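Subject: Handover of a structure and its findings

Dear colleague,

Please find below the structure that I am passing on to you. A written account of the findings follows it.

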Amino acid sequence: MAAEEEGLTGPGGTTPAPGPGAGREQGREQDREPCPEARSEPRSVPELMLGRPPMTRPLPGFDTEAAPAEPGPLFVDWLATALDSGVLDPQVFTLSTVDADGLPDARVLVLRDVDAAGTGWVFSAAADSPKGRQLADHPAAALTVYWPQLGRQVRVRGTVERAADQVAAAEFATRSPAARIGALVGRQSEPLASPAEYEEAVTVARRRLEATPDAVAAGHAVYTLWAHEVEFWQGDAERHHVRLRYTRTGPVRTPEWSRTLLWP
Ligand SMILES: Cc1cc2nc3c(=O)[nH]c(=O)nc-3n(C[C@H](O)[C@H](O)[C@H](O)COP(=O)(O)O)c2cc1C
């Protein structure tokens, strides 16, 4: 729902400033200013956030009594509701890892799959990227999604296992040419000297893929986060948030789950 529809107002009771896409339909390419933020007057974060409490909109309930015995079916149900509710990119989640110094790191990735029980959460990444190295050194992670339209958060914690190279190669083949070219370019998160250097590498990778359509990026890896805990969090405008945590008690292949309500 748009902020205007909710009656939310911007700083000082004014209507919110137009977003980066405002006026897009009227503007020709050459009329557009490159950076909408640059023409705004300087404002502080508290000013920008004033009068915009999160989740002040009708939100669904969460009947924990009816929750299934395992987290998998509930996640699928919530994901389907997110899609039906117009949540953009609901399969995008934050993956949190820790580096060699114990410093947390986080970034968003695409969720590829979740097994029926909700034990194995699958994603792919470059093994030679910072996150890949962090997972090799410390194979544990947290996965978090938030779906604003529904005020719903899902939190998963567990250990991470890298799949066999054949699994990664098979997954790589399912990706779009653009995604494969990007992965073949490699060197993710290394310093880049110039955009031209990157374009050159893309051209080389594209030619490689044309010549060898089944080429697989070195280090392309599929990971499974084996959940120890999965929490479902339903927000509420009055702060009566409802939280249900599943804790795995059995092994990953034959999991059993206990369920616990949590104070908001
Ligand atoms: C919507 C979105 C989806 C993304 N999906 C992926 C992904 O599936 N795999 C990936 O490696 N990076 C993905 N990224 C980029 C990562 O957030 C991150 O910038 C990159 O993986 C480098 O992370 P690292 O330096 O911690 O290894 C995505 C970014 C966004 C904004």
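Which residue in the hairpin of β1 and β2 takes a positive phi? Gly-102 does, with a phi near 80°, in a hairpin that has 5 residues between the strands.

Two remarks on the source are needed before the rest. The model is predicted, so that local features need pLDDT of at least 70 and side-chain atom pairs count only at pLDDT 80 or more, while totals for chains, interfaces and linings use all residues. Residues are numbered from 1 along each chain as its sequence is written. As for the elements, helices (H or I, at least four residues) and strands (E, at least two) are DSSP runs, numbered from the N terminus.

β1 and β2 run antiparallel and are joined by 7 bridges; two strands pair if DSSP finds at least two bridges between them. Thr-97 stands opposite Asp-105 in β2.

The ligand. A shell of 14 residues lies around the ligand, and those that come nearest are Arg-107, Val-110, Ser-129, Lys-131 and Ser-189; a residue is near a molecule or strand if its C-beta atom, placed from the backbone, lies within 6 Å of it. β2 (104-110), β4 (120-126) and α3 (130-137) each supply at least two residues of this shell. The largest share, 5 residues, comes from β2. By type, the shell divides into 7 nonpolar, 3 polar and 4 charged residues. In this division Ala, Val, Leu, Ile, Met, Phe, Trp, Tyr, Cys and Pro count as nonpolar, Asp, Glu, Lys and Arg as charged, and the others, Gly among them, as polar.

The nonpolar core. The largest nonpolar core has 38 residues, and those with the most contacts inside it are Leu-143, Val-154, Val-156, Tyr-223 and Leu-225. Such a core is a set of buried Ala, Val, Leu, Ile, Met, Phe, Trp, Tyr and Cys residues joined through C-beta atoms within 7 Å. The elements that give two or more residues to this core include α2 (71-84), β5 (140-147) and β7 (220-234). Its largest share, 8 residues, comes from β7. Leu-143 touches Phe-93, Leu-95, Trp-121, Val-156 and Leu-225, not counting residues up to four places away in sequence; two residues are in contact if their C-beta atoms, placed from the backbone, lie within 7 Å.

Helix α3. The buried residues of α3 are Lys-131, Gly-132, Gln-134 and Leu-135. They lie on the same side of α3 because they cover an arc of only 165° around the axis, the arc being that of the directions from the helix axis to the C-beta atoms. These buried residues pack against β1, β2, β4, β5, β6 and β7.

Two backbone angles. Most residues other than glycine have a negative phi. Met-55, in the loop between α1 (45-49) and α2, has a positive phi near 65°. Met-55 is partly exposed, with 17 other C-beta atoms within 10 Å. Asp-89, in the loop between α2 and β1, has a positive phi near 50°. Asp-89 counts as exposed because it has 11 C-beta neighbours inside 10 Å.

With kind regards

Definitions and conventions
A residue is buried if 20 or more other C-beta atoms lie within 10 Å of its own, exposed if 12 or fewer, and partly exposed in between; C-beta atoms are placed from the backbone.
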